[in-house]
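Dear colleague,

I am passing on the structure below, and I would be glad if you looked through it before reading my notes.

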Amino acid sequence: MRRIASLSIMVTLLGLAALPMAGPTPAQTPVRGGTVTFATGADPDSLDPQNTQSNPGEQVNRMMYENLVRFSAKMQLEPALAESWSSSKDGLTWTFKLRKGVKFHDGTPFDAKAVKYFFDRVLGEEKPFKASLYTPVVQAADVIDASTVRVVLKQPFGAFLFIMAHSAGAIVSPSAHQKWGKDLALHPVGTGPFKFVEWVKGDRVTVQRNDDYWGGRPNLDRVVVKTVREDQSRVLMLESGDADLIVNIPTEEIARLKKDPRFTVESSPTARALFIAINVKKKPFDDVRVRQALNYAVNRDAIVKDLFQNNARVIPAHVSPLQNGYAQLSGYSYDPKKAKELLAQSGASSLKVKLWSPKGRFAKDYELAQAVQQDLAAVGVEASLSTLEWGAYLAATKAPAEQTDRELFLLGWSPSTGEARWGTFPLLHSSQLAPKGDNRGFFVSKTLDEAIEKATVATTDQSRLGALREAQQIAITEAPYIFLISPNMIVGTSKKVHGVMNLPLELTYLTEKSSKDK
Amino acid sequence: MIAYVTRRLLLIAPVLLGVSIGSFALLHLVPGDPAMILAGQEATEEVLAKIRHEHGLDQPLAGQFVVYLGNALRGNLGISIQSRQPVATLLAERFPFTLRLAFLAILVSGVLGVVAGVIAATRRNSMIDLMALLASLVGISVPIFWLGLLMMLVFSVRLQWFPAGGSGTMAHLVLPALVLGASSSAVIARMTRASMLEVLRQDYVRTARAKGVQDRIVIYRHALKNAMIPILTVFGLEFGYNLGGAVLTETVFSLPGVGRLIVEGIFARDYPVVQGSMLVVATTFVIVNLLTDIAYAWFDPRIRYN
């Protein structure tokens, strides 16, 4: 049926890779050698990709490990350890042709056996944390020959390639897993452009170039990923030259850094959606008109322009444009008059609500909630805003319906598979009511459930995207959330550093093509 | 003396038991689920249940405490929920950083504080005295966070003398030690000044001067040694405070110390890590207090522990 990523794409890609430093950056030959010091906000939780559950861990893993397929900077699927793939018509059998002559950092050959080992591990007894991505979908994997693997699914799964491109789909050296077991978290061995050197916990992870990398020898000698918790300290480290690359620059600092000729500040869109969830079990939020009114009341354009200084974009529903399956639909306009009318119709013209927000978890989260609070006040909805520390916030917003009196609460969601089915199913499917899943507003809609299920088992991109579009349309009409914005990720680099990868999954890392001027 | 030290060391046990009960109770009073924080928003119920089971979090609280205490008595501090590493290993990696930092800070503040205090006391009501008082007032009042960022701005970004954070060399510890030592040196300076003024009024000082002993010797040998007792008390307290208070300095300067381990542990509800760290910090605190008491006897031979 489909033969995505056929030979022709491969040839183009290899051709591009062969060009020295293709792309918008200076067309000179990249400098070889050098160390990039990268300051990030937290320590990795683990360096075993099947057990890693945080961005700081995932971005380090992405330098050392590779998947069968990977995301491009624009979130398109590309071949990585698999050169090509195809699926049967019923969508149940997937065949991957693997890249030949690839070796893990410990010398173990990468072949069909290593891929089968990966599947056996995630489906088997060990149950690593991220196994839950694969167990509901995959039945088993078989070795066809040394460079061909067949994967059989339990049911057709439209987003199968996306879960393979997920950070947890990284292929680990089977011998390293056998040797280290649980301690694989401290002894990562993959096929990627960089090899593990050391992890000084709480301080830094160091990786060095893998000279045998199949994509060519990496330009950089080393990358040192430092844990620098304080936003302001990271900015100062960039300015003092102690770091070449920093993430999560506070919005207030962007203008100053941009003016400095030594640095580049890149603000790039992400797959994250920010919205305010509504507990539809509580009156008057069971009335769709009230929920729609809340949506009409918010001036999203002003939020993007004034609060985020254009480092964000308005989204019509709960899906960011960087999620595969995003549908360009028209969302709620800013219409306070209509909001008041709808509130009056539903008999809730003066309404007192509780609004919760985390502080410091997402970019400008609390300030965003404040902006919404003001907009709501303008239509006669008096919101009392309160905040909790993240651990307590998670517990409070995930408590079951009978144990909570939550009403409106700000949440952020970035589907780590990069596609809208995972951006919808856990949030809005009726089987995912909190605390089991992340449907924390207890929204139940039969038509939405059906659309999500159709997308789940779709065997063509066309039917998957169509079903996801339908799901987003239903969400807009039913307004289970106050839909808000998708924030950008803001990364600062020294002008000397080129080719930094900013994946919209809020992962920043360096590749074999990254380089640093002398 | 030996009997006294032994008795004091034995007293560590009830202190640690108290600390264990206190930190366990406080940690569990705070809402939040370690499994949920670890596994992130996307985690399924199955994964959460697995994490809870792995760390015994699905057991009743009293049971959890008994298990923890039993393990701790056998020297097993448990496994970190976040990193799945033994807490003892994490502490062995992190504690030396904090100890070194606290030690350097107390060294900085000791030298600065005592010297400033002595000079202020001997030139009472002079311009120098006034300056020292003013400086110590600033030192006590300035928030560590602000001072740290300011030091980075001046000494790392502008002058490029020291790195703006991280660890590895002694140069990495200079700014943090100065920042952490700033408020201690202010406290020590004020205590030294007050204590010296008290002693300098004593008759034996006047006698020494009348005998024609050099001024420097009068001040440093005759007066300072006798003024040391209250200063030592402050030393001990400040050192203990630095151990716990190092967290802000460690955060601003990105040092992988135990202070950050504790705070990150609290945010992650990583109960074993926080409890293990509390035990280590409490033990150090008790030992430092004991050393202070022993030092009293050295400075003032009239003090005997029998």
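**What was found**

In this predicted model, chain B has an average pLDDT of 87, and 99% of its residues score at least 70. For the complex, the predictor gives an ipTM of 0.83 together with a pTM of 0.87.

Where the two chains meet, 41 residues of chain B are in contact with 35 residues of chain A. On the side of chain B that touches chain A, at least two residues each are supplied by helix H3 (34-39), helix H4 (45-54), helix H6 (87-122), helix H8 (144-158), helix H11 (215-252) and helix H12 (258-267) of chain B. The largest share of that side comes from H8(B), with five residues. Sorted by class, the side of chain B that touches chain A consists of 18 nonpolar, 13 polar and ten charged residues.

Turning to chain A, you will find 15 helices and 20 strands there. Its radius of gyration is 24 Å, close to the 24 Å that the globule rule gives for 518 residues, and chain A is therefore as compact as a globular protein of that length. The C-alpha trace of chain A spans about 70 × 55 × 40 Å along its principal axes, and 52% of the 518 residues of this chain count as buried. If one takes the contacts in chain A between residues at least 6 apart in sequence, 69% of them join residues at least 24 apart.

With best wishes

Notes:
Residues numbered from 1 in each chain as written. Chains lettered and ligands numbered in written order. Predicted model: local features only at pLDDT ≥ 70, side-chain atom pairs only at ≥ 80, totals over all residues. pLDDT = per-residue confidence, 0-100. Contact = placed C-beta atoms within 7 Å. Helix = DSSP H or I, 4+ residues; strand = E, 2+ residues; numbered from the N terminus. Nonpolar A, V, L, I, M, F, W, Y, C, P; charged D, E, K, R; others polar. Rg over C-alpha atoms; globule rule 2.2 N^0.38 Å. Buried ≥ 20, exposed ≤ 12 C-beta atoms within 10 Å, placed from the backbone.
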